[in-house]
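Welcome, and thanks for taking a look at this one. Here is a short briefing to read alongside the model.

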Amino acid sequence: MTEQPTPLRRAIEHELEQAHGLDRNEAATRAARMEGAVRDRSATWVRRELRLQRGDERGARRREARAHAAAEVADEQFERLSLNIRLQHGLMAISVILLVLTGIPLKFHESGWARALIGLFGGPDVSPIVHRVGAVGLIVVGFWHLVYITLFREGRWNFLHLLPRPKDAVDAFKQIRYYLGLTDERPRFDRFSYVEKFDYWAVYWGMVIMIGSGTVLWFTDFWLRWAPKWATDIAKEAHSDEALLATLAIVIWHFYNVHFNPHKFPMNRTFLDGKISARDMIEEHPLEYERMMSERRQKAGPAPRGDS
């Protein structure tokens, strides 16, 4: 009794005849040889397409849920960054931009773009002066921030919320699983997410390295009176490499989160006006939003009861 070809084999035969011009006998022979391999590979593609479709369906449900939650709240604005913090950020941004534009070209001084950029800032005589102006700005904002987190109640409160906690590692793990489509559960962030904490502590680390090594390079003659030559050489390498690392972190990490993220493009205006909407609070900092609403209800007191 002749074995009847499976639907998959008939589909392969049809493809070989119609798309590749094989005669019926050759198509049948090759289809029989191909069937097992095609079945295994098609099963892989079916699983892949199933995961993609389920991911799209989960994404649609999440978007619908977010839209529903956002529709239930008024477009209230909350203060997220005070004027003090915004001024610190502004001075740091200006200082770092000056430092990058006048410092990175020195690392790549043989390139044409580096020479052009140095020329834009007045050439090798003026560019170092601009660089030192940026350095002074960075030092000022560094000491300003230390005073802020030490003497200001708001600064101490924010600093405590910026300290790394075990929850941050759990949140990072949940975020990875969410991005891979392995779960519908997103991490629920409080006032600062692990991403924002990374930004903050990276700046701390960078300022210690850059200000410390930069001071040695600025006053090399003084330091050579008390330290060996290799100490200044280490400072030079640390300053150069940390500057490149900081530049890449700002351009790739920080600029994306603030400017190039599709949900924020062309920019997250919080660093300008200090405000964040209730919808963004629910989306990005749900634990903080719930705490604020709970505190608001407690201050308002129990709802008045009607006359009995």
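Buried residues make up 28% of the 308 residues in this protein. Please keep in mind that the model is predicted. The notes below go from the overall fold to a few local details.

**Fold and overall shape**
- The protein contains 13 helices and 2 strands.
- Its radius of gyration is 30 Å, whereas a compact globule of 308 residues would have one near 19 Å.
- The C-alpha trace spans about 100 × 85 × 35 Å along the principal axes of the protein.
- Of the contacts with a separation of 6 or more, 66% are between residues 24 or more positions apart.

**Surface and charge**
- Among the side chains, 43 are positive and 39 are negative.
- The centres of these two charge sets lie 3 Å apart.

**Aromatic rings**
- Searching the whole structure turns up 13 aromatic pairs.

**A cis peptide bond**
- Most peptide bonds are trans.
- The bond from Phe 265 to Pro 266, however, is cis, and its omega is near 5°.
- To locate Pro 266, look in the loop between helix H10 (229-260) and helix H11 (270-273).

How values were computed: Residues numbered from 1 in each chain as written. Predicted model: local features only at pLDDT ≥ 70, side-chain atom pairs only at ≥ 80, totals over all residues. Heavy atoms only, no water. Helix = DSSP H or I, 4+ residues; strand = E, 2+ residues; numbered from the N terminus. Rg over C-alpha atoms; globule rule 2.2 N^0.38 Å. Buried < 20%, exposed > 50% of the residue type's maximum accessible area, 1.4 Å probe, protein only. Contact = heavy atoms within 4.5 Å. Lys, Arg positive; Asp, Glu negative; His and termini not counted. Charge placed at Lys NZ, Arg CZ, Asp CG, Glu CD. Phe/Tyr/Trp six-rings, centres within 6.5 Å; stacked < 30°, edge-to-face > 60°.
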